[in-house]
Amino acid sequence: MNLTDARGRVVRYLRLSVTDRCNLRCRYCRSGTEHFIPHPDILRYEEMLRFVGIASKLGVNKVRITGGEPFVRKGCADLLVMLRERLPRIDLRVTTNGVLLEPYVPLLARLGVSAVNLSLDSFDRAAFASVTGRDVLPAILSALDKMLSVGLPVKINVVAVRGVNDGQLDDFVHAAKTLPIDLRFIEFMPMGSGTLWNEKNFWPADEIREEISRRVRLTPVTGGRDDAGPARVYAVEGGRGRIGFITSMTNHFCASCNRLRLTSDGHVRTCLFDDREYRLRGMLRSKRVSDRQIGEALRRVCALKPVGADILKRRVGDKAVAERRMTSIGG
Ligand code: SAM
């Protein structure tokens, strides 16, 4: 039995946020008032594993660990080990800012993590510190080197914000030419009340692609879409890497969306833009509730998965599309 919605979409991909805490203060991600989920409300790893086990029996075959910053939560590496032990065939991935990553790289390679998504909005040390609030670029670049040296596939995610990193295309193109990575530009999304998003700082993917095309020839990779996700991917002439665009705002990919999110406080979100959340924490904590009952609840929730583009259309002006901040959803 699969997790299928009313439009026939099948949910196979879980984004699991292990914490809402982060060691960076990226301006586009954490704008608005700071409030954290109280510790007792954060799921224990055993409860997360229970959820993943149930979801995998219902057809979920890809799990991404995210946050907040996953590696700021103690024992995150143990969670990865336990996930691999319990679900040896699952496609396991991690999204991280890379600050604490380097010591874990050999483990991730050993566990057969399919790819690490590294969020990196600038290759310029001062610009990086100004976006993220911390001068830690060297540690991240060192983790990147290590991943490449052990052959761990890397995708670099750049949130494209005009006035922040629009002057750095030469650096990004250089990285895609010289490193065997996928470098993907993500359109800035108006997430979280207090979002800094506005028409002026929004930098659409089509414009980025045009500007890059003036520097280097881009050729669409067959099919135009990355097999593993929503990015439109291009080969870079003479390059070792590729460049991709995630057009969450200008060209939605809701029709093929196969995602499900579990926040660190145990809420299921079936669409990034939909603030309707389904609280499963109580069920996951209870020994009296069986896995079958939780699976049934999950099936009912997934059946109601909405179309994010419709929610986006109802947004007014520069307001946020969803109240919850990215740092507490997990991206
Ligand atoms: N801390 C980890 C990291 O930096 O990758 C994982 C969590 S972070 C919330 C996940 C992804 O969401 C990152 O790639 C981040 O850049 C992206 N993100 C955060 N806010 C965003 C926004 N408003 N629009 C687009 N992407 C955003």
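Student: Leaving aside its neighbours within four places in sequence, which residues is Glu277 in contact with?

Tutor: Please keep in mind that this is a predicted model. Glu277 is in contact with Thr263, His267, Val268, Arg269 and Arg324, once neighbours within four places in sequence are set aside.

Student: With the side chain of which residue does the side chain of Glu277 make a polar contact?

Tutor: The partner is Arg324, and the distance between the two side chains in this polar contact is 2.6 Å.

Student: Where does Glu277 lie?

Tutor: Glu277 lies in a loop, the one between strand S11 (267-269) and strand S12 (278-279).

Student: Is Glu277 buried or exposed?

Tutor: The relative accessible area of Glu277 is 19%. Glu277 therefore counts as buried, because the class takes in values under 20%.

Student: Let us turn to the ligand. Which residues come nearest to the ligand?

Tutor: The ligand has 19 residues around it, and Gly68, Thr95, Ser119, Val159 and Met189 come nearest.

Student: What is the make-up of that shell by class?

Tutor: The shell around the ligand has 10 polar, seven nonpolar and two charged residues.

Student: Which helices and strands each supply at least two residues of the shell?

Tutor: One helix region does so, H1 (27-30), together with strand S3 (91-96), strand S5 (154-160) and strand S6 (182-187).

Student: And the polar atoms: what lies 2.5 Å from an oxygen atom of the ligand?

Tutor: That is a polar side-chain atom of Ser119. Tyr28 also has a polar side-chain atom by a ligand oxygen, at 3.1 Å. With Met189 the backbone is involved: a polar backbone atom of Met189 is 2.8 Å from a nitrogen atom of the ligand.

Student: How much of the accessible area of the ligand does the protein cover?

Tutor: On its own the ligand has 550 Å² of accessible area, and the protein covers 95% of that.

Student: Gly68 was in your list. What about Thr327, which residues does Thr327 touch?

Tutor: Not counting residues up to four places away in sequence, Thr327 touches Gly68 and Gly67, as well as Thr19, Asp20, Cys22, Cys29 and Arg30. Thr327 itself is placed in helix H12 (residues 326-329). With a relative accessible area of 4%, Thr327 is buried.

Student: Changing topic: how many residues has the largest nonpolar core?

Tutor: The largest nonpolar core has 107 residues, and Phe51, Phe185 and Ile212 are those with the most contacts inside it. Helix H2 (residues 45-57) gives the largest share of this core, seven residues.

Student: Where is the place of Phe51?

Tutor: Phe51 is in helix H2. Phe51 is buried, and its relative accessible area is 0%.

Student: Which residues does Phe51 touch, not counting residues up to four places away in sequence?

Tutor: The partners of Phe51 are Leu14, Leu260, Leu262, Val268, Leu280, Leu284 and Leu298. Val268 is also in contact with Glu277.

Student: Then Leu80, please. Where does Leu80 lie?

Tutor: Leu80 lies in helix H3 (residues 76-86), and Leu80 is buried at a relative accessible area of 0%. Not counting residues up to four places away in sequence, Leu80 touches Ile65, Phe71, Leu92, Val94, Leu108 and Leu111. From Leu80 to Leu92, 12 residues apart in sequence, the C-alpha separation is 8.3 Å.

Student: In which strand is Ala115 found?

Tutor: Ala115 is found in strand S4 (residues 115-119). Leaving aside neighbours within four places in sequence, Ala115 is in contact with Leu92, Arg93, Val94 and Pro153. Leu92 and Val94 are also touched by Leu80. Ala115 is buried, with a relative accessible area of 4%.

Student: Last one: which residues does Ala143 touch?

Tutor: Not counting residues up to four places away in sequence, Ala143 touches Gly98, Leu101, Glu102 and Val105. Ala143 and Glu102 are 41 residues apart in sequence, and their C-alpha atoms are 4.4 Å apart. Ala143 lies in helix H6 (residues 137-150) and is buried, with a relative accessible area of 0%.

Terms used
Residues are numbered from 1 along each chain as its sequence is written. This is a predicted model: local features need pLDDT of at least 70, side-chain atom pairs count only at pLDDT 80 or more; totals for chains, interfaces and linings use all residues. Side-chain values use heavy atoms; hydrogens and water are left out. A residue is near a molecule or strand if one of its heavy atoms lies within 4 Å of it. A polar contact is a pair of N or O atoms within 3.5 Å; within protein, one must be able to donate a hydrogen and the other to accept it, and residues adjacent in sequence count only if both atoms are side-chain atoms. Accessible areas come from the Shrake-Rupley method with a 1.4 Å probe; for residues, only the protein chains shown count as cover. Helices (H or I, at least four residues) and strands (E, at least two) are DSSP runs, numbered from the N terminus. Ala, Val, Leu, Ile, Met, Phe, Trp, Tyr, Cys and Pro count as nonpolar, Asp, Glu, Lys and Arg as charged, and the others, Gly among them, as polar. Buried means under 20% relative accessible area, exposed over 50%, partly exposed in between (1.4 Å probe, protein chains only). Contact means heavy atoms within 4.5 Å. A nonpolar core is a set of buried Ala, Val, Leu, Ile, Met, Phe, Trp, Tyr and Cys residues joined through side-chain atoms within 4.5 Å.
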